Amino acid sequence: MYTEAVMEHFTNPKNVGEIENPDGEGQVGNPTCGDIMKMYIKVEDDQVVDAKFKTFGCGAAIATSSVATEMVKGKTIEEARNITNRQVAEALGGLPGNKMHCSNLAADALHKAIDNYEERKKAREEGTA
Amino acid sequence: MRRIYMDHSATTPVHPRVAAVVNRFMLSDYGNASSVHHFGKVAREALEDARSQVADLIGADSPSELLFTSGGTESDNLAIKGVAYARRDQGRHIITSAIEHQAVLHACDALEAEGFEITKVGVDGQGRLDPEAVRDAIRGDTILISIMLANNEVGTLQPIEEIAAIAKEYDVLVHTDAVQAVGQISVDVEALGVDLMSLSGHKMYGPKGVGALYVRRKTPLQPLQNGGHHERRLRPGTENVAGIAGMGEACLLAKEELAIRNQYLLRLRDRLIDGIMSEIPKVYLNGHPDHRLPNNVNVSIVGIEGESILLSLDMKGIAASSGSACTSGSLEASHCLLAMGLTHEVAHGSVRFTLGRDNRQEDVDEVIRELPAIVERLRAMSPLS
C-alpha cells in the first residue's frame with residue numbers, strides 16, 4: 001500500500017532526533033488519531049540550516065516527517081512556509097487515500113516550528129528595543 | 001526470506017485435506033444440490049454430510065439446526081436482523097456488548113436506525129462482561145441478546161453460559177458470535193444454552209466465503225433475502241457446495257485434533273507472552289490472562305504505534321496485526337481496546353499475534369528475538385518515550 005519512497009524513509013529515516021537549543025520547535029497531531037509529530041529547526045540568517053523530528057505514528061507519519069526535514073533544509077523561512085502537506089506527500093510518490101489527512105502533518109509541524117521561531121525572534125527584538 | 005504467519009485470527013491457511021475436498025467439488029462433483037440427476041444427488045449428499053460434521057463439532061441436537069451462509073458477517077446479520085424482524089411485535093430492544101465484531105455492531109446500528117433500541121453493555125479492563133450487567137440491561141421489551149463467545153482482538157472468553165441462563169429467565173433469545181472460538185476451544189451449543197451461533201469456515205483452516213448459523217429448533221427467524229427453497233428458505237441461493245464441503249471437512253479436522261491443538265497452542269502462546277514481557281520494558285498484556293483463546297497474544301507497547309511495528313515485523317518476515325487506527329481503515333483506535341479503558345496512545349500501540357497449528361516454537365522464539373530491536377528503534381524516534 002506504500003510507495004518505495006515511503007518504505008525507504010520509514011526504514012532509514014533522515015534527521016531523527018532533537019536539536020539542542022533549537023531556534024524553533026512545533027508539535028502537531030493528537031493521540032486520538034494516533035499521530036504525534038514534533039519538529040525542531042535551526043535557523044541562521046533567516047535560512048533553515050538544520051531540521052530534526054520525533055514522531056509517534058504509522059509508516060506514513062514517520063516517512064512524511066523524514067522527507068519534510070530533508071525538504072526544508074537550506075530553504076529560507078519564506079520558502080519553508082510555502083511547503084505544503086501535499087508537496088510532502090508528492091515527494092514520497094503519494095500516500096494511500098486514508099493517510100492523506102490523518103498522517104500527513106509534517107508541513108503543519110514545520111509551520112508551527114517556524115511560528116515558534118518567529119515568536120522567539122520577535123520576543124528577542126522587543127527585549128532589546 | 002522465511003515468513004512467519006501469526007495472524008490466524010484474520011484468516012488461516014486452508015488445510016490440505018480441506019483443499020482436496022474443495023477441489024473435488026469444484027472439478028468433479030460440481031453439481032447443483034437442487035438438481036435431480038446424479039450430479040445433483042452427489043452435491044446434496046456432500047451438503048448434508050457437511051451439515052452433520054458442523055453439527056457434530058458444536059454439539060447441535062440435529063444437523064437441521066444449521067444453515068450455511070457466506071461467512072461470519074452474514075451469519076451475524078441473519079441472526080440479529082432475522083430475530084429482530086421475526087419478533088418485532090414482541091419488543092424492539094436488543095442487548096449487545098461494546099466489544100463485538102463490526103458485523104454485530106453495525107447490524108445493530110442498522111436496526112437502531114429502523115427504530116429498534118440497542119443497549120451496549122460495557123466490559124472490564126480485561127475485556128470481560130459481567131453477566132449481572134446483562135441482567136440489569138434486560139427490559140420488558142428485550143427480544144435478543146448478542147454477545148460474542150471469544151473476542152477477536154484480545155481473545156477474552158465471555159461467560160455465555162451464565163448470560164444464556166439469565167436470558168432464559170426472561171424469555172430472551174441469545175445469539176453468540178463464535179467465529180473465533182470454534183476450532184480453537186471446545187464449543188457445545190447445549191452446554192452454552194444459546195439459541196443462535198455464528199461460525200466461519202476460514203478461521204478454522206477452511207475456505208473463505210463460507211460460514212454457518214446455528215439456529216435452535218423453533219427459534220423465530222425471518223430471512224433477509226428472497227429466492228428459492230434453499231436452506232429452508234431462510235438463506236436462499238444456490239449452495240456453495242465446494243466451500244460448504246470444505247467447511248465440513250475443517251470441522252471434522254477440528255473435532256479430531258481439538259484437544260492436541262489446544263494444548264499445543266497454549267504452550268506456544270504462553271512462551272510468546274512470557275518472552276515479550278521479559279524482553280521488552282513497558283509492555284502490557286491486553287485481555288484476560290486466563291479466560292483467553294489459546295492462540296491469542298495481544299500486547300500494548302508503550303510509546304510507539306501499531307502500524308509501524310507491523311511494517312517493521314513484516315520486513316523481518318513476521319505477519320501480525322494491530323488495533324491501531326492506521327490498520328483498521330478508520331480514524332479511531334480499536335473500539336474494543338478503548339472499551340476496555342485503554343488510553344488512545346496505548347491502544348494505538350497494540351500488536352496482536354494469533355498463533356496457528358502450523359506455527360513452531362522456532363517461530364515464537366524468532367519473534368521474541370526480533371521484536372525488542374524493532375521496539376527500541378521506534379521508541380528512539382518517538383516523542384512519547
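The model is predicted: local features need pLDDT of at least 70, side-chain atom pairs count only at pLDDT 80 or more, and totals for chains, interfaces and linings use all residues. Residues are numbered from 1 along each chain as its sequence is written, chains are lettered from A and ligands numbered from 1 in the order in which they are written, and side-chain values use heavy atoms, without hydrogens and water.

**Chain A**
- Chain A has 6 helices and 3 strands, where helices (H or I, at least four residues) and strands (E, at least two) are DSSP runs numbered from the N terminus.
- From the N terminus, the order is α-β-β-β-α-α-α-α-α.
- Of its 129 residues, 50% are buried (under 20% relative accessible area; exposed is over 50%, partly exposed in between; 1.4 Å probe, protein chains only).

**Salt bridges**
- Over all chains there are 34 salt bridges, each a side-chain nitrogen of Lys or Arg within 4 Å of a carboxyl oxygen of Asp or Glu.
- In chain A, Lys73(A) pairs with Asp50(A) at 3.9 Å, N to O. Lys73(A) sits in the loop between α2 (59–72) and α3 (77–81) and Asp50(A) in strand β3 (residues 47–56), so the bridge ties together parts 23 residues apart in sequence.
- Lys73(A) is partly exposed at 32%, as is Asp50(A) at 23%.
- In chain B, Asp171(B) and Arg87(B) form a salt bridge, with closest N and O atoms 3.8 Å apart.
- Asp171(B) is exposed at 55%, whereas Arg87(B) is buried at 7%.
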